[in-house]
Amino acid sequence: MVIFTKIAVVGLGNAGLPLAAVIADSGQSVVGVDIDRHRCERINRGENPIPQEAGLDQLLKMHGGQSLLATADFSDAASCTVFIVIVPLFVDDMFNPDFCILESAFRSVGSILKEGDLVVLETTVPPGTTDDKVRSWLQSASGLSSGQFFLAYSPERIMTGYSISRLREFPKVIGGADQESGIAAYQVYRQFIPNLKLVSSARVAEMIKVMEGCYRDVNIALANELYRIAEELGVDFAEARAQANHPYCHIHLPSTGVGGHCIPVYPWFLIREMERRECFDRCRLLRLAREQNDLMIDHWAQRILLECMRVDKPLGQVRICVKGITYRQGVKEFHHSRNLALAHLLAKKGLDARAWDELLSKEEVEAKGLRWMLPEDADIVFDSFELEIRLR
Ligand SMILES: NC(=O)c1ccc[n+]([C@@H]2O[C@H](COP(=O)([O-])OP(=O)(O)OC[C@H]3O[C@@H](n4cnc5c(N)ncnc54)[C@H](O)[C@@H]3O)[C@@H](O)[C@H]2O)c1
């Protein structure tokens, strides 16, 4: 029987740091490895680099620099027997996954991997990544063969701001690249994840996370479509939605589209893989949902333009304020922000479109390539979270 003593978490970002802190808080000794040396120093001083993350302050004050030791040097984790990797996977302009960060992290882990160690990937990836790519990077960097180390996948299911409570309460799944790995990974994880479910394989665990993103994207696209139809029919969408929803029907909220680094990206993992296999007819709905959600900014630009025509001024002089340019209310992040894209689209149309956001200073708005304006100084305010156009 393998005895797991020390856990390494590779990648101490928004997702990895809360996980490392929760593991440390469960009484385990954790080495956090991150190439950002400055971040490591802060964590070791007990400082919290993600202040919006509820509960993280307290955990880092207690464990930072003690049972959670952060380092930029992989050799400091050489005595660890469990390696959890949670670094980003970006997509290129054509939404093809770019594996270079993952490959680099796994090659570094491979360089210190020993026989009997367990490696778990948490980053959301196209199904098959753990079995194929991760296994081969680890083998080539470590010189070990496939059966000499355990390999598993467990998608993180956190939500920025609520990561600690998510880790402690939300169901988490884990699956091994083989049966032994699944069992070994389950035994380690259940020491710090109370609500854990072992699934039959790493590939199933990978698919679970991607499916969740697809579900959200398609359902938001449906809500957006129904919203536009209701608008055309002169129906109050909010009232209809409130009464339509019951335990067997959940119409989502309409929006300016879908932002963030997760939901707008994960459907592409499946779309691109189906295209690679020339199975074009298997992902039509996913593709359509992506298009529908991305087109919502054109819809809102059109609506705002119509409102501008009601203002007694030449079109180019109507002052428009887009209120809220982050991708989600209350979260200072801009990945694929459709609100930001909408503000740029309006400005590109030659309109006097500016922006304001409760989380951003004037300088921060300007750094996004937009002009800043207080909502009260505008002729028209578009509240991108409430989906309200107000004439002032
Ligand atoms: N943040 C979220 O809310 C969230 C939500 C859902 C899923 N995720 C998942 O978590 C993954 C990571 O996201 P994140 O938000 O933590 O990213 P992040 O950018 O906040 O952090 C990534 C960290 O990894 C470090 N890093 C990069 N390359 C490295 C390497 N080779 N070795 C060691 N460290 C390295 C970076 O310095 C950084 O601190 C995402 O790809 C996604 O799958 C995150």
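About 260 Å³ of space lies in the second largest pocket of this predicted model. Here a pocket is an open set of points on a 1 Å grid over the protein atoms alone, with protein on both sides within 12 Å along at least five of seven lines. Volume is the space filled by probe spheres set on the points, which are joined across faces, edges and corners. Local features need pLDDT of at least 70 and side-chain atom pairs count only at pLDDT 80 or more, while totals for chains, interfaces and linings use all residues. Residues are numbered from 1 along each chain as its sequence is written, and side-chain values use heavy atoms, with hydrogens and water left out.

**Second largest pocket**
- The lining (residues with an atom within 4 Å of a point) has 15 residues, and P126, P127, K133, E273 and R276 lie nearest the pocket centre.
- Two or more lining residues come from each of α5 (130-142) and α10 (266-276); helices are DSSP runs of H or I with at least four residues, and strands are runs of E with at least two, numbered from the N terminus.
- The largest contribution to this lining, 4 residues, is from α10.
- By class, this lining has 5 nonpolar, 3 polar and 7 charged residues; Ala, Val, Leu, Ile, Met, Phe, Trp, Tyr, Cys and Pro count as nonpolar, Asp, Glu, Lys and Arg as charged, and the others, Gly among them, as polar.

**Cavity**
- There is 1 cavity of 30 Å³ or more, a cavity being a set of points where a 1.4 Å probe fits but cannot get out.
- The largest cavity holds about 50 Å³ of space.
- Its lining consists of R157, I158, R166, L167, F170, P171 and K172, which gives 4 nonpolar, no polar and 3 charged residues.

**Sheet**
- An open sheet of 4 strands has the order β12-β11-β13-β14, with mixed pairing; two strands pair if DSSP finds at least two bridges between them.
- β12 and β14 (388-391) are the edge strands, each with a single partner, so one side of each has no neighbour in the sheet.
- β11 (residues 319-323) pairs in the parallel sense with β12 (residues 352-356) over 5 bridges, and V322 has A355 in β12 as its bridge partner.
- From β11 the chain passes through helix α13 (residues 338-348) to β12 in a right-handed β-α-β crossover, meaning that with the strands pointing away from the viewer the path from the first strand over the helix to the second runs clockwise.
- β11 and β13 (residues 380-383) run parallel, joined by 4 bridges, and C321 is partnered by V381 in β13.
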